[in-house]
Amino acid sequence: MKRKKFTALSLGLILSISMLAGCSSNKQADTTDNTQSSTTTQGTASGENTSGQDAYTVKILAPGDASTEDCQKVSAAASAITKEKFNTEIEVTRVGFGSYDQQVNLMLASNEKLDLMYQYCGNVTTAISSGQILPLDNYLEGYGKDLKEQISLDDWRCVTFNGNIYGVPSNKEKATGWGFAFNKEMADATGIDYTTIKTQEELEPLLTKVKELYPDVYPIVSNTGYCSSMTKQDDLGGDIGSLLSVDSDNTEVINYYASDAYLDEVKLRYDWAQKGLIMPDASTSTENANSLLGAGKAFGRFSNTKPGIEQEIAKESGKEIAVIELIPPYTTTTRVDIVWYVPHNSKQPERAVQILNEIYTNPELANILINGIEGQHYEIVDAEKGIVDYPEGINGANTGYLSLPWAWPNEMISYVWKGNPEDIWTQTESFNKNAIVSPAKGFAWDNTEIQSEVAACANVVAKYDHALMAGSLDPETTIPKFIAELESAGANAIIAEKQRQLDAWLEANQ
Amino acid sequence: MSKKLKKYKRYLPLYFMMVPGLVYLIINNYIPMGGIIIAFKKFNYAKGILGSPWTGMDNFEFLFKTKEAWTITRNTLVYNMLFIVIGTILAVAVAILLNELKSVMAKKVYQTVILVPFLISIVVVSYLVYGFLSTDTGFINRSILQPMGKDSVSWYSDPTYWPIILVIVNVWKNLGYNCIIYYATVVGLDTSLYESAAIDGAGRWKRIWHITLPGLKTTIITLVLMSVGRVFYSDFGLFYQVPMNSGPLIDVTNTIDTYVYRGLMELNNIGMASAAAVYQSLVGFILVLSANMLVRKIDQESALF
């Protein structure tokens, strides 16, 4: 929100900080060659540690709200495990989502020590070409054996650029379906059997009936200005250029905004908006869809689907929620969406990978980092099934250490929070396994050479996409303008470059 | 010679007082100027600013890549010109009106009321505007247009009204601040001038026209010159938050700053961001110099330097 002096202020700040901090980072560039050194050259072990490594502190940056005090407690508890095993201490810092990107930017620019960081929401290829994150291949061999084994080759490919692995994909749901989530009570009141609905068009009778019964309720609302697209495209890592559908073998890169699938969808949305089935000002609303559902102002919203999605929306809105799946789950490179990186300011990247490996595989350590301290941040409700809940008097708003399982490397070895299906992790596993796999899954798009076009096209998309998806613009007149502007902004150059990279990738990975 | 030295000696304490401000300026405004070189580099964190490779003008390309280049330049310039002209006229008018008021109490109240919008965060302003313009619950649609039997307007998807809305919002927000500076000047004018004018039979209008306005001339020119230097910058909040980042309005709300923000939010390319900043400051610099030259030609006394 407050990034209004984006160009001037933050630059000046970053600049002056990085100038003052000086550049002691040249070392990092060549650490790739001497990865094995610390285990072999560090001789005798000191005291209780059994690893033979010298003492080191791994600093971890993760998102979500947490107080400094509670982070220290968690760090101490986590360090107790890693100290013994690896002579490594852990220092956890958490930053709220609102300022996460800025914080990361500052830390990277200022050369502040940082060893592991959660998904950096900026562009990965920019981060690589500007040297913000390190290649991990050499460290994974010696220090991340379990990671290497447990993560599938396909997933590794998604984080491989120029032949090097740059991140570790988190273990979570790695596919997505799309569907319509709605207030079950209202839907039941219509008397319509909604379980047979399979496509977006078939929703209309239900929506019309709801509008009739509840004239003050918006049948469809947007989530902070966006109505999700019920699409099967593979956007091939973002920017312009997609495969039309994940369930075909066709690997021709097209402009999805110029496709019939897009046109049909926005026509339907426009029609609905004209009939009053979509909330007015949907594309500019800053309201969270779930709070509108909770306030009883909304009947439903478009949403991604995954195991436990009903419970997730129900928990946030406080209403009973049903979800109709309109697009069955599929997986693409974009879906491997939470990745852990080792930034360039790590002093000993191999130790960072070693700890990441431990967090990924050791449930005890993972639980501490994800859920905090037992008795203070959570308590065990059912030890056998591994189900936890907030202790008395604590809730999501006042806990000192917010639990965000998906934001950590491996949520699937952690406790299940009450309210979720008990077998959510098994469900997630089969969800991943059964998802349709895009023929281009694993292709990692590198836009470094074509950033001017990408920036120009991003502006054009910002102008039309949200408004079209919310039905506020007439597709008949808008789409031709949209396509023409995209083309003049260089969309075709991006598509050609993407096709070239994809063809090369397909060739190499047949 | 020694006379000159003596003069310097006399002013020494004043120069001394200037030091903190000067240090601040150097640290905050001059040292970061070194960063201009980033605009011509492919910045690499590991290599540092000086170690990164040069790329020539590549970083500037995205600014001029599309037809948008014309739109954003036009929007930025025209809006700022409008803001300067309308803002200045109204601020001067209100300052004079304030001065004509007799009741001290009323003066204080008006001044505060006019200043309050300046102190409100632009995000809050955007919701105030939304309160007026929201399609189905907004004040204008609900309480004005509907009772009059007219159709609701969906303000956030119709670009025709936005040039006016933006000017109104901007003037409303900044009037109080500009007004204070002019008012301070008006208050500082020699009261004996007014008295003798009154004795000579000059009415209120004549006194304003012949005494107040000429007295304000230098202040007006200084403030206008300073804002001319910033005509290539736009108030990000005004053009991004107030229209609620609405796509259909982008043609009339896209300025250089919002374009850069939308284009680079995902890319996070420091080189391109600083290229935009360099471009803006360069144009601003040239404009200030030429505007000042023009003023100096017409009236040497009023020029900044």
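Let me start with one pair of residues: A:Tyr118 has A:Trp340 as its bridge partner, and A:Trp340 sits in strand E11 of chain A. Please keep in mind that this is a predicted model.

That pair belongs to a contact between two strands. Strand E3 of chain A, residues 116-118, is joined to strand E11 of chain A, residues 339-341, by 2 bridges, and the two run antiparallel. Both strands are part of an open sheet of 5 strands in chain A, in the order E2-E1-E3-E11-E6, with mixed pairing. Which strands stand at the edges? They are E2, residues 88-95, and E6, residues 168-169, of chain A; each has a single partner strand, so one side of each is left without a neighbour in the sheet.

The partner of E2(A) is strand E1 of chain A, residues 56-63, and these two pair in the parallel sense over 8 bridges. One of the pairings puts A:Pro63 with A:Val95 of E2(A).

Chain A has another open sheet, with 3 strands in the order E12-E13-E14 and mixed pairing. Its edges are E12, residues 379-382, and E14, residues 416-417, of chain A; each has a single partner strand, so one side of each lacks a neighbour in the sheet. Strand E13 of chain A, residues 387-389, runs parallel to E14(A), and 2 bridges join them. Within E14(A), A:Trp417 stands opposite A:Val388.

Next, the domains. Chain A is assigned domain 1 (50-172 + 337-438), domain 2 (176-227 + 278-335) and domain 3 (235-254 + 443-510). The C-alpha centres of domain 1 and domain 3 of chain A lie 32 Å apart. Their contact takes 9 residues from domain 1 of chain A and 7 residues from domain 3 of chain A. On the domain 1 side, the elements giving two or more residues are helix H6 (124-129), helix H9 (153-158) and strand E4 (160-161) of chain A. By class, that side has 4 nonpolar, 4 polar and 1 charged residues.

Now the contact between the chains, which takes 47 residues from chain A and 50 residues from chain B. On the chain A side, helices H1 (6-21), H2 (26-30), H5 (97-110) and H18 (451-469) of chain A each supply at least two residues. H18(A) gives the most, with 13 residues. By class, the chain A side has 20 nonpolar, 22 polar and 5 charged residues.

Last, a helix in chain B: H5(B), residues 122-133. At 1.5 Å a residue, its 12 residues should span 16 Å, and its end C-alpha atoms are 16 Å apart, which agrees. Which residues of H5(B) are buried? They are B:Ser126, B:Val129, B:Tyr130 and B:Leu133. Seen down the axis of H5(B), the buried residues fall within an arc of 105°, so they line one face of the helix. An α-helix has 3.6 residues a turn, so residues three or four places apart point the same way. The face of H5(B) turned away from the buried side carries the exposed residues B:Val124 and B:Gly131. Covering the buried residues of H5(B) are, among others, helices H6 (139-145), H7 (162-188) and H10 (236-241) of chain B.

Technical notes
Residues are numbered from 1 along each chain as its sequence is written. Chains are lettered from A and ligands numbered from 1 in the order in which they are written. This is a predicted model: local features need pLDDT of at least 70, side-chain atom pairs count only at pLDDT 80 or more; totals for chains, interfaces and linings use all residues. Domain bounds come from an automatic or database domain assignment. Two residues are in contact if their C-beta atoms, placed from the backbone, lie within 7 Å. Helices (H or I, at least four residues) and strands (E, at least two) are DSSP runs, numbered from the N terminus. Ala, Val, Leu, Ile, Met, Phe, Trp, Tyr, Cys and Pro count as nonpolar, Asp, Glu, Lys and Arg as charged, and the others, Gly among them, as polar. Two strands pair if DSSP finds at least two bridges between them. The expected span of a helix is 1.5 Å times one less than its number of residues. A residue is buried if 20 or more other C-beta atoms lie within 10 Å of its own, exposed if 12 or fewer, and partly exposed in between; C-beta atoms are placed from the backbone. The arc is that of the directions from the helix axis to the C-beta atoms.
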